[in-house]
Amino acid sequence: MGKFLRYLLVGTGALVMVFPFAWAVITSVTPGEAVLAVPPDLTPEGASLDAYARLLETLPFWRIVLNSAWIGATSTVLQLVTSAMAAYAFARLPFPGRGALFAVYLTTLMMPLPVLVVPLFIEMRTFGLVDTYFALLAPTIASAFGVFLLRQAINQVPREFDEAAVLDGAGHFRIFLYVVLPLIRPALATFAIFGFMASWNSYLWPLIIIKSPEFMTLPLGLATLHGQFTTEWDVVMAGSVISVVPILILYVFAQKHVIASVAQSGLK
Amino acid sequence: MTLTAAPPEARATHERTRPRKGWRYAATVAVFLLPSLVPLTLYTIVPMLGSLWTSLHEWDLITEMRWVGLGNYVELIGDPETHAAFLHTLYFIAGYLPLVYAGGLGLAMLLNRAPRSTGAGRSLLRGIYFLPVITSWVVVALMWKWLLNPASGIVNWTLGLFGVSGPGWWTDPDWAMPSIILASAWKDLGFVMIILLAGLQAIPREYQEAAMVDGATAWRRFRHITLPLLSPSTFFVVVISLINGFQVFDQVKIMTNGGPGGATQVVVSQIYDLTFRYGRAGAASALSWLLFAVVLIVTIIQIRGQRRWVTYG
């Protein structure tokens, strides 16, 4: 195959990947009725930020963005802490029934989310937690996937390091904090990125548990916007653009890391 | 146990100050374990068991639960709506998986053959192809619903330039599922490409070179060297795609909400509607366990069957 043809194919593919994003930006700044014009106007005259203004009138949009941000950050930190500690117990602290308990963790990992959401909704309702921040966070406090991933990482830390620390008089908490955690930083970073992405993009659980706009996260807010009367596409695309930007910035910084860890996952 | 290599006096000191057994050790284990175990129990294990219990009842979420034993399961297995939901889900998988695999493999091979000097270009391209993967399903579904808008979408307008009158996409029962498949394959293409690219790069170049010396054609090299040696990565993609494919929901909810006329009602949309539209939490729980059983069986079959076609090493 010729070099030219190869570049042409790869380039066309890249265009197909980028175009929908570009089109969303263009639509979001197209003024009023021109949005539905046929033929579509690739370079609309008099671009306006009117759609962004209307977005802020329809929904408490900044609050929704902030919700997504702090829920994402909080759930990531909680998962990191709880998973790293449990992973340390599974890797370094022998206790009776440890193997069986780890098997329970692995079983929950195989549970599809749809199996859990209905009873989880009922549980939250029983405790009067429907439509609260806590309900959004609850299912993401612990992560079986995180425990699994971080336990693998801790198992690769040579035990001689722990032993040296023990000789210096360190207890398990100090070994965990000053020996193990610094050595598994790459695994922690990978898990943090995926945890944040999962929370930022999550839709099914918020859809079920949240009713009021002030507790909504971005995906739910956008879906709600879309569901209202006739869809105003310029406003919906404006919301989409705003919701992509933060994750995009994060991605630009973490790109190498994200791609490397995805690439590795298939190599076993 | 970990200290067998340490000198005896060190071990003695250690055992005196930090007993391995006893309350203090138990407390240490508990402090490390409970922050994860308590929420996992409350928000995953209890709902799992609750779901099993609910599936044995008729329950509208408001009045008392009524015991029906396996009634929900029996009813669902004979229900045409369940069959339709599973069929639509299979239709989705049958369209999505070949598309995303062929596309991902094609791209991975094109990028893999690019010479080393274009390393920066390659990493930029990988970044671009991966962009939809990090974007939320809601945004992707909305963007594609707009692109595929029958009246004022840019896809039908472009088709019109070539004299093709575009279909009704998500408004047409025949085209609704293909629209969802298209958007899904577009979103996951980068993910599959990255995994296959890593697999391709793990294949030693000598194999290809040796085959070339022997005069093997490009097709034979692809068929007898690349594909077999790529099979572990292929296996991973297939397993993950099937597990996710059976749980398809977000894009369906946004793009068609199961319509038009139920043409894209998949299993998870059916679970959602049973609970929140028809007030049948018991039947919904039973259906979610049927889904889990199907996913589990399919995954086990794949793991069992991998010996036949997956080559390791």
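User: How far apart are the end C-alpha atoms of helix α2 (residues 23-54) of chain B?

Analyst: This is a predicted model, in which local features need pLDDT of at least 70 and side-chain atom pairs count only at pLDDT 80 or more, while totals for chains, interfaces and linings use all residues. Residues are numbered from 1 along each chain as its sequence is written, with chains lettered from A and ligands numbered from 1 in the order in which they are written. Helices (H or I, at least four residues) and strands (E, at least two) are DSSP runs numbered from the N terminus, and the expected span of a helix is 1.5 Å times one less than its number of residues. For the 32 residues of α2(B) a straight helix would reach 46 Å, but the ends are only separated by 39 Å.

User: Where does α2(B) kink?

Analyst: The bend at a residue is the angle between axes fitted to the seven residues ending there and the seven starting there. In α2(B) there is a kink of about 50 degrees, shortly before the proline P35(B), and it lies at L33(B).

User: Which elements of chain B do the buried residues of α2(B) pack against?

Analyst: A residue is buried if 20 or more other C-beta atoms lie within 10 Å of its own, exposed if 12 or fewer, and partly exposed in between, with C-beta atoms placed from the backbone. The buried residues of α2(B) include F32(B), L33(B), Y43(B) and T54(B). They pack against α3 (61-92), α4 (98-110), α5 (113-126) and α7 (144-155) of chain A, and in chain B against β1 (57-58) and α13 (281-309).

User: Is α8(B) largely enclosed or largely open?

Analyst: Helix α8 (residues 173-201) of chain B reaches 42 Å, close to the 42 Å expected, although a kink of about 45 degrees is centred on D188(B). Because 22 of its 29 residues are buried, α8(B) is, within the rest of the structure, largely enclosed.

User: Which residues of chain A does I194(B) contact?

Analyst: Two residues are in contact if their C-beta atoms, placed from the backbone, lie within 7 Å. Leaving aside neighbours within four places in sequence, I194(B) touches R126(B) and F130(B), and in chain A it touches I259(A), V262(A) and A263(A).

User: How many nonpolar residues are on the side of chain A that touches chain B?

Analyst: Here 74 residues of chain A are in contact with 76 residues of chain B, and α13(A) gives the largest share of the chain A side, 13 residues. Ala, Val, Leu, Ile, Met, Phe, Trp, Tyr, Cys and Pro count as nonpolar, Asp, Glu, Lys and Arg as charged, and the others, Gly among them, as polar. On that side 14 residues are polar, five are charged and the nonpolar ones number 55.

User: What is the omega of the peptide bond from G259(B) to P260(B)?

Analyst: Most residues other than glycine have a negative phi, and most peptide bonds are trans. In the loop between α11 (250-255) and α12 (267-276) of chain B, where P260(B) sits, N257(B) is also found, with a positive phi of about 55 degrees. The bond from G259(B) to P260(B) is cis, with omega near -10 degrees.
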